[in-house]
Structures are given as structure tokens and as C-alpha cells.
Amino acid sequence: MLAERGHRVTLLEKARHPRFHIGESLLPANLPLLETLGVADEVRAIGMEKWGAEFVSPWHDHKQLFEFGDAIDKSMPMSYQVRRSEFDEILIRNARRKNVRVEEGCRVMEVEFLSNPDGARVMAHHDDGRRETIQTRFVLDASGRDTFLANSLKIKRRSKKHNSAAMYAHFSGIPRSQGKAAGNISIFWFEHGWFWSIPLLDGATSVGAVTWPYYLRTRNKKPLDQFFQETIALCAPLHEQMAHAQLITPVEATGNYSYECDRTHGANYLLLGDAYTFVDPVFSTGVMLAMHSGFVGADTVDTCLHRPHQKAAALKKFDQSMRRGPKQFSWFIYRITNPTLRDMFMGPRPVFHVKEALLSVLAGDIYGNTPFQRPLRIFKGIYYMVSVLNIRRTFKAWRTRKYNLNHPGSSSDSPV
Ligand SMILES: Cc1cc2nc3c(=O)[nH]c(=O)nc-3n(C[C@H](O)[C@H](O)[C@H](O)COP(=O)(O)OP(=O)(O)OC[C@H]3O[C@@H](n4cnc5c(N)ncnc54)[C@H](O)[C@@H]3O)c2cc1C
């Protein structure tokens, strides 16, 4: 987007695409962004249509289906499940088509900030051994969970309100629902957290377990794939679906992984996507938040460089936008294993438009003018009321959450 506005842009990527990445489920709110980038058709060709999300709970005798078409804004009824190696390659090739200088196999090693308005010097190593230093007026850090700048500036903080860890892999041989529901994401709660099951276009399915970190530590020295299979066996409905499943990728694990940075930007840099914050992926928000930050980031840099007198206001607006999305989703994420919220998800009442508002949030429709705030406040009000009415259950859930947050081992970043 910056190159389209006439800026000279260099993109340094340590990997070479296509490369594996987790996070395959997109939200309806991604689609307008893909249209604007001009890659909607390419993504449609590799995507599995996703019209909704299904929630399965061992504490309820039914499944709950949410369809994005029921959200307040009916114009965003679907999204896609994508293989990230293909999706990310489409995005990086698109940047090159738009005259960005794209360097793959090129790892940023150091950024030295110069006094304003000179920008920064970026030191990078190419994987063929070349060393390069690039002088730039602005640095956009989109290094994902590597959080390159946040680490070097020491501004990254582990979330005190949430922690979880994940194991995941791709499988073949998992049966699908019929028709429109074939591409839905399924979320299965179980005793130690929740699972996702994401059907991909080529027949493979991405399956992952997100658990409290203490659970991953019970693995001891067991091989990860054995431990993952044993964990799947703890969730009867998923285990049943996976009776004939075959593992087709290595099982991977990510340690305690929710964090945010003390700031979103400096005078000559912005932190985008996961390079700023990472929230639990239960609502498949990561790619949408990262792409949205890229859009706002491009506007911000363009203003800073072309209209420097508006720089302070542009950076302030960027800051607000970066904090808003994660905050909106975090209320739900912190409570996702809470029995009251689970009950409300499993039996949403069609009153005061609360279900439509919930769906608007689940669709990622949080940045526009969709009037979801009032019904959402009612939803939260009902949650607090039910919590008070079931005070013993609420207290027990609060105590368990507190224990899990402070459990020895919960503060470690190592996967398992
Ligand atoms: C277990 C799990 C499940 C998830 N599920 C979903 C989901 O279903 N849906 C969803 O939307 N999101 C999901 N996410 C989140 C999603 O993966 C991320 O939020 C999203 O990829 C963030 O995009 P990004 O561009 O910020 O970072 P990334 O996509 O991680 O891209 C960062 C890039 O920077 C490169 N890089 C890093 N350091 C350097 C360096 N020093 N020099 C040069 N290049 C560098 C990396 O190679 C990488 O290509 C999940 C995340 C996890 C951990």
C-alpha cells in the first residue's frame, strides 16, 4: 500500500516462501482487505469457504452453530480457511508485483535508530552470506511472534490476564460436514482447554489443542506426537471424528504465548500484528488484526512522511487503533473457559440483538460503523448477572483461573 502511494519500500523476510505457518482460519472482515490489496481472486482459489463456526462442549448435549450471515451487517457472511504457506506467498508476491523490493532469506539482525528525521539503519544478513545495511526513514516491524524490535527495546510483557500453550498438526482422513458447513471451523472445549479443527481445501485438516501451560508440562519426556494423540483422546467428540485420521505433518508446540508491548510505535517505527501483541487464537483474530494493523500502519507512515506536521496526531490514531482490536476480543478470550460464558455460547438467546452483536464480533467487524456496542453491553450485563446468580460456580471458576494463571511453570516461554 505504501509502494502504491509512491514510497520506496524494502521488505526483508528471513524465510523463503512458501513456508509453513500456523493460523489458517480467516474472518469475514479479512475479505474487504484482500479486495483492496487486489488478491481476493487468488485467495478464493486456494480457500475453503467458511460460513460459520461450530462449538462443541462436553457439558452440553448439543452442538452450537454460529453463521456469520446472522451478524448485524449481512454483507459479510463468509470467509476462508487457507493453507498459510499459500496465503502468505500470495501476499508477499503481491508486494513484489507492486514494486516493493522483496528480499527473502534475509534476516534483520539489528536496527539502529538515528536522530529524527534521519530514520534508522537496518542491518541484515542474507542466507547466501551477504551482509547489508539499509538506511530508511521509517521501520515497520512485522516480525510476528519473533517480536524483533520489542525484544531489542525490552518492551515486551507476558500477559498477566491470560496464558495458554498450543500443540498442533495437519491430518488427513477427517470426515467433513455436508454442503455449506463443510468448511466451518469447529471449537471443542475439553477439561484442560479447547481444540480447533479447521478443514483445508485439499482435504487436510488442521487440528490444534490450546491448553493451560500446566497441562503441557505433564508431558514429561513423552514424544510430542504421542502426547498430542493422548490429549485428543481426552476430547471424546473430536477423538471419534478422528478415528481414521492420519498425521501428515510433524506435531509442533508453542509455549505460553499471550503478550503485549508497552508501546505500539516510536518516532521512526511502528509495531504491526504479532510484533506488537498476541492474543489467544480462539476467535481466529490474528491474521485480521495483523492485516488491519498493516492498513492503518501504511496510512500512518504515509502521513508521517508526506505531512510531517500531522505526524503526532497520526501516531496517536495508530496507537488507539492497535489497542482497540485486541481489547475488544480479550473480554471473551479471558472468559472462554468460564462455565457461564460457555453456557451463553451454547445457548445464545435471540434477545436485544445480542446474538447478532456477538456474531459481528466473531466476524471481526469491529472497526467500522456496525452498531454492535449496545447489544454487546447487554450481553456482558447478562453474563455478570448470571455469574452473580451462580455465585458458587463463579467463585470456583475464578479460583481455578487464578490457580492456572499463577501455576508454577505458567510464566515460562518454553513450549513444553
Ligand atoms: C497456535 C496458533 C493458532 C493460530 N490460529 C489462528 C487462526 O486460526 N486464525 C488467525 O487469524 N490467526 C491465528 N493465529 C495467529 C496468527 O498466526 C498470527 O496472528 C498472524 O500470522 C500474525 O501475522 P504477522 O504478519 O504479524 O506475523 P507472521 O505471520 O508470523 O509473519 C512474521 C514474518 O516475519 C518474519 N521474520 C521474523 N523475524 C524476522 C527477522 N528478524 N528478519 C526478517 N524476517 C523476520 C517471519 O519469517 C515471518 O514470515 C494462530 C497463532 C497460533 C500461535
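1. Which backbone atom lies 3.0 Å from an oxygen atom of the ligand? A backbone N or O atom of I22 does. Please keep in mind throughout that this is a predicted model.

2. V108 places a polar backbone atom 2.9 Å from a nitrogen atom of the ligand, and for G286 a backbone N or O atom is 3.3 Å from a ligand oxygen. On its own the ligand would expose 1000 Å², and the protein buries 90% of that.

3. Now for the shell as a whole. The ligand is surrounded by 31 residues, with E13, H21, S25, D274 and V287 the closest. Sorted by class, the shell has 14 nonpolar, 9 polar and 8 charged residues. The elements giving it two or more residues are β1 (10-13), β7 (106-113), β12 (165-172), β14 (193-199) and α8 (286-306).

4. Turning to strand pairing, you will find an open sheet of 3 strands in the order β11-β18-β20, paired antiparallel. Its edges are β11 (156-158) and β20 (277-278), each of which pairs on one side only. Between β11 and β18 (residues 259-261) there are 3 bridges in the antiparallel sense; K156 has C261 in β18 as its bridge partner.

5. The structure holds 21 salt bridges. One of them joins the side chains of E4 and K98, at 3.2 Å from N to O. E4 sits in the segment before β1 and K98 in the loop between α3 (84-97) and β6 (101-104), so this pair ties together parts 94 residues apart in sequence.

6. R5 also forms a salt bridge, with D299, and the closest N and O atoms are 2.8 Å apart. Here the segment before β1, which holds R5, is linked to helix α8, which holds D299, across 294 residues. R5 counts as partly exposed because its relative accessibility is 31%, and D299 counts as partly exposed at 39%.

7. What does R19 pair with? R19 forms a salt bridge with D88, with 2.7 Å between the closest N and O atoms. Since R19 is in the loop between β1 and α1 (30-37) and D88 is in helix α3, the pair ties together parts that are 69 residues apart in sequence. D88 is buried, at 7% relative accessible area.

Definitions and conventions:
Residues are numbered from 1 along each chain as its sequence is written. This is a predicted model: local features need pLDDT of at least 70, side-chain atom pairs count only at pLDDT 80 or more; totals for chains, interfaces and linings use all residues. Side-chain values use heavy atoms; hydrogens and water are left out. A residue is near a molecule or strand if one of its heavy atoms lies within 4 Å of it. A polar contact is a pair of N or O atoms within 3.5 Å; within protein, one must be able to donate a hydrogen and the other to accept it, and residues adjacent in sequence count only if both atoms are side-chain atoms. Accessible areas come from the Shrake-Rupley method with a 1.4 Å probe; for residues, only the protein chains shown count as cover. Helices (H or I, at least four residues) and strands (E, at least two) are DSSP runs, numbered from the N terminus. Ala, Val, Leu, Ile, Met, Phe, Trp, Tyr, Cys and Pro count as nonpolar, Asp, Glu, Lys and Arg as charged, and the others, Gly among them, as polar. Two strands pair if DSSP finds at least two bridges between them. A salt bridge is a side-chain nitrogen of Lys or Arg within 4 Å of a carboxyl oxygen of Asp or Glu. Buried means under 20% relative accessible area, exposed over 50%, partly exposed in between (1.4 Å probe, protein chains only).
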